[in-house]
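Please look over the model shown here. The report below covers its sheets, a helix pair and an aromatic contact.

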Amino acid sequence: MPTRPCWVEIRTQSIEENFRFLAGQAAPHAELLAIVKADAYGHGLALCAYAAVRAGARWLGVTSVEEGVAARAVCPDAGILVIGGVFPGQGAALAAHRLAAVAWEPWQLDEMESAAVAAGLPPQSLPVHLEIDTGMSRQGADPAALPPLLARFHAASPLKLDGVMTHLFAADEADGVITAMQMDRMDRALEQLSGAGLWAEWLNVGASAALLAGQAAALATLAARHGMKAMMRPGLVLYGLAPEFLTSIEGEQPALLSAARGRLKPVLSWKTRVTGVRSVPAGTVVGYNGTFVATEPMRLALLPAGYADGLDRKLGNRFGLLVRGQRAPLVGRVSMDQSVIDVTEIPGVAPGDEVVIIGVQGDEAITAFDHARVCDTIVWEVFTRIGPRVPRIAV
Ligand SMILES: *Cc1c(COP(=O)(O)O)cnc(C)c1O
């Protein structure tokens, strides 16, 4: 049955091209783990994970064990890293689906270890990426508390120390001072590792901003000093958007950031269709609480897209959507399931006309950045709030 016409189109070819471009730029310094958490930033996990692997990704990153199980179903051979860690009772699924997990709490290691033993896994076989808190105060072990965690990776343990990870929290700040401080803390944590007679294959650091700021080479140098290989974890750039940097780096334009702006292709378009058009006299009020009043005779088009689909309520009376190649203002409040645009100035609008919420129509474009600016948020939130009832269609 055809769906209600509010849908997302995913250009999987663009994911492949974005991944190949980024991997080419990161090589030979860093392996890229493709971040497909949160349903691939709302783009659809199955479509996107499969496309990334087809483009050469050997690793995928998901938030949870349940997302990992879903990724495993489409990508039988990829390394899959659960970046949010296991929760109680999830160890068995982790082991059964051959997922790797980030860990930093002793109880997470307990959960994984007992599940691995119960599954009869051999020593050093369940991969763990030990997260170090280098300054974000979110996930990760305090470097001062590492010794008892490191002691868990003894020769007889089913746990394998496969990677050491941290998250950079200011890689989009131009001066790089905070990133340098975090890398320095990581360097010292890795010294503790070798001091304990341990080694890990992967040094897993840095998301889209770190990659575009050109951190891959410095990371590879740090990794090499400890006999490790560098891994970075891009998310947003895979979906074709380069993060905006906060400070003067915009002026300086590191080579890779400006190259990426020219090369990355947005993967997602979000569309709907006009349900009906009505002509109203001056003075007509529109939507809940009549926050919009027609100042003249107007033509209004109804759309089957509302805030339950992810069309932010803050956009009402403050944004426009594309129809017949022109911007039509959203008038009145966005409802749960519907919204209204003013098409008075756009001749010929009729039921069934395609309306673009994010994407290109004719010479006009609406980006996720446009939504984020008006809603006072970031593009990551715009994407991940597109509702589950909006079908994701590969094009
Ligand atoms: C989400 C996430 C990423 C990817 O971030 P982007 O900025 O979208 O590239 C990388 N690492 C961790 C730990 C994350 O949570």
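## Strands, helices and rings

In E14, Val277 has Ala301 as its bridge partner. Strands, labelled E, are DSSP runs of at least two residues, while helices are H or I runs of at least four, and both are numbered from the N terminus. The model is predicted: local features need pLDDT of at least 70, side-chain atom pairs count only at pLDDT 80 or more, and totals for chains, interfaces and linings use all residues. Residues are numbered from 1 along each chain as its sequence is written, and side-chain values use heavy atoms, leaving out hydrogens and water.

**The open sheet.** E11 and E14 (residues 298–303) run antiparallel and are joined by 5 bridges. Two strands pair if DSSP finds at least two bridges between them. The sheet has 3 strands in the order E11-E14-E17, with antiparallel pairing. Its edge strands are E11 (276–280) and E17 (339–342), each pairing on one side only.

**The barrel.** A closed barrel of 8 strands runs E2-E3-E4-E5-E6-E7-E8-E9. Its pairing is parallel. Neighbouring strands in this sheet are turned by 30° against each other on average, direction ignored. E2 and E9 pair in the parallel sense. There, Ala30 has Ala230 in E9 as its bridge partner.

| Strand pair | Sense | Bridges |
|---|---|---|
| E11 and E14 (residues 298–303) | antiparallel | 5 bridges |
| E2 (residues 30–35) and E9 (residues 229–232) | parallel | 3 bridges |

**Helix H8.** H8 lies across E7 (159–166) and E8, running at about 160° to E7. Axes are lines fitted to C-alpha atoms, for helices over the stretch in contact, and angles run from 0 to 180 degrees between N-to-C directions. The axes of H8 (residues 177–195) and H10 (residues 216–225) come within 10 Å and cross at roughly 15°. H8 and H10 are therefore roughly parallel to each other (angles under 35 degrees count as such). Met183, Met186 and Asp187 in H8 meet Ala218, Leu219, Leu222 and Arg225 in H10; contact means heavy atoms within 4.5 Å. By class, this contact of H8 with H10 has 5 nonpolar, no polar and 2 charged residues. Here Ala, Val, Leu, Ile, Met, Phe, Trp, Tyr, Cys and Pro count as nonpolar, Asp, Glu, Lys and Arg as charged, and the others, Gly among them, as polar.

**Aromatic pairs.** The whole structure holds 3 aromatic pairs. Rings of Phe, Tyr and Trp (its six-membered ring) pair if their centres lie within 6.5 Å, and planes over 60 degrees apart count as edge-to-face. Trp59 and Trp202 form an edge-to-face pair, 6.4 Å centre to centre with 80° between the planes. Trp59 sits in E3 (residues 59–62) and Trp202 in E8 (residues 202–205), 143 residues apart.

Methods: Angles under 35 degrees count as roughly parallel, over 145 as roughly antiparallel, 65 to 115 as roughly perpendicular and the rest as oblique. Rings of Phe, Tyr and Trp (its six-membered ring) pair if their centres lie within 6.5 Å; planes under 30 degrees apart count as stacked, over 60 as edge-to-face and the rest as tilted.
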